Amino acid sequence: MNPNLVLTQKQIADYQTEGFLVVRGVLALAAVAELEAEAVRLMQRTDLIDSDNIRCRWQNCVATGECRFDCFDPVIDISPICARIARDPRLVEIVSALFGERAHLFKDKLIFKPPGAQGYALHQDYISWKSFPKSFVTVSVAIDSSDSGNGATEVFPGYQLCGCMTPEDGMYHELPLETVDVAKGVMLELAPGDVAIFSGYTPHRSAPNQSAQSRRLLYLSYNANSDGGDQRDAHYAEFKSWLKDRYAEHGKTNTFFR
Ligand SMILES: O=C(O)CCC(=O)C(=O)O
């Protein structure tokens, strides 16, 4: 990881105003290559990639409608390399500088976004559980280049100041398109090793991956120390139980976590 990673006051101020920040060259190319090899290894974990395993997320292919594996959430417990990056003091320091206090890892996922995957509708990551930190911030670490052709994340600046823009009923909600000025969208174009940072209140979405390669991003989310301290284990316990309930509502009662 780049040893000279210190955010300037301007970067911190821009983040507060815009709700996102791109920092270039955070991971050295050797570290990206190591992470890329790890992503390839993880994609071969056919023992884990199972539609009943709630660690796995799925997306339909836009062309065929076929449901395809898209994401491991969590990932650091099956990947020492992802764990090392997620807890790297230099990365934690960047987020701590944005908080003005110590950051704690809250959530970690690896999105593979294979060719054809349809992408994510407009939403905020914040979900109104009592326990969910309002300080939630995500650092998205680029393994591959991301751009509009392969379904980069697009953020809508400034709206993070509105807080939660959906009903606060503890459920996941997409945001209606008319809640933002779509012309204000900023495509997070990243090169391998760059990171994009955005708030849990920043509306964002992504288009389908129209390229022939996966678009892999490691998403690491943190909360401020004064907003619950280290609560990753408690979060995942709650998340797993919440997800099991959501699947059960759709008649899927044989889910497990592995
Ligand atoms: O990686 C993407 O395409 C978007 C993912 C996203 O919006 C999310 O996980 O909240």
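How many bridges join E2 to E3, and in which sense do the two strands run? Five bridges join E2 to E3, and the pair runs antiparallel. This is a predicted model.

## The hairpin of E2 and E3

E2 and E3 form a hairpin with six residues between the strands. Within this hairpin, Gly 65 takes a positive phi near 80 degrees. Two of the facing pairs can be named. Cys 56 has Phe 72 in E3 as its bridge partner. Asn 60 stands opposite Cys 67 in E3.

E3 also has a partner in E4. E3 covers residues 67–72 and E4 covers residues 103–111. They pair in the antiparallel sense over two bridges. Phe 72 faces Leu 110 in E4. Cys 71 has Ile 111 in E4 as its bridge partner.

## The seven-stranded sheet

These strands belong to an open sheet of seven strands. Its order is E1-E8-E5-E10-E4-E3-E2, and the pairing is antiparallel. Which strands stand at the edges? They are E1 (20–23) and E2 (56–60). Each has a single partner strand, so one side of each is left without a neighbour in the sheet. On average, neighbouring strands are turned by 25 degrees against each other, direction ignored.

A helix packs on this sheet. Helix H1, residues 9–18, touches E1 and strand E8 (195–199). The direction of H1 makes about 140 degrees with that of E1. As for what holds strands side by side, strands of a sheet pair through backbone hydrogen bonds, either parallel or antiparallel.

## The three-stranded sheet

A second open sheet is listed with three strands, in the order E7-E6-E9. Here too the pairing is antiparallel. The edge strands are E7 (186–187) and E9, and each pairs on one side only.

E6 covers residues 153–155. Three bridges join E6 to E9, and the two run antiparallel. In this pair, Val 155 stands opposite His 204 in E9.

## The nonpolar core

The largest nonpolar core has 49 residues. Which of them touch the most other members? They are Leu 110, Val 141, Ile 197, Leu 218 and Leu 220. The elements giving two or more residues include the helices H2 (29–43), H3 (80–86) and H4 (89–99). E10 gives the largest share, six residues.

Take Leu 110 in detail. Leave aside its neighbours within four places in sequence. Leu 110 is then in contact with Ala 39, Leu 42, Cys 71, Phe 72, Val 75, Cys 82, Arg 216 and Leu 218.

## Val 95 in helix H4

Val 95 is found in helix H4. Is Val 95 buried or exposed? Val 95 has 23 C-beta neighbours inside 10 Å, so it counts as buried. The cut-off for buried is 20 or more.

Not counting residues up to four places away in sequence, Val 95 touches Ala 103, Val 137, Val 139 and Tyr 222. Leu 35 is another matter. Val 95 and Leu 35 are 60 residues apart in sequence. In space they are 21 Å apart, C-alpha to C-alpha.

## Around the ligand

Which residues surround the ligand? They are Ile 111, Lys 113, Gly 119, Tyr 120, Asp 125, Gly 151, Thr 153, His 204, Ser 206, Leu 217 and Tyr 219. By class, this shell has four nonpolar, five polar and two charged residues. Two strands stand out. E9 (204–206) and E10 (217–224) each supply at least two residues of the shell.

Lys 113, one of the shell residues, lies in the loop between E4 and E5. Lys 113 has 27 C-beta neighbours inside 10 Å, so it counts as buried.

Most residues other than glycine have a negative phi, and most peptide bonds are trans. Two places in this model go the other way. Lys 113 has a positive phi of about 40 degrees although it is not a glycine. The peptide bond from Asp 73 to Pro 74 is cis, with omega near 10 degrees. Where does Pro 74 lie? Pro 74 lies in the loop between E3 and H3.

Conventions:
Residues numbered from 1 in each chain as written. Predicted model: local features only at pLDDT ≥ 70, side-chain atom pairs only at ≥ 80, totals over all residues. Near = placed C-beta within 6 Å. Helix = DSSP H or I, 4+ residues; strand = E, 2+ residues; numbered from the N terminus. Nonpolar A, V, L, I, M, F, W, Y, C, P; charged D, E, K, R; others polar. Pairing = 2+ DSSP bridges. Axes fitted to C-alpha atoms, helices over the stretch in contact; angles between N-to-C directions. Contact = placed C-beta atoms within 7 Å. Core = buried A, V, L, I, M, F, W, Y, C linked by C-beta atoms within 7 Å. Buried ≥ 20, exposed ≤ 12 C-beta atoms within 10 Å, placed from the backbone.
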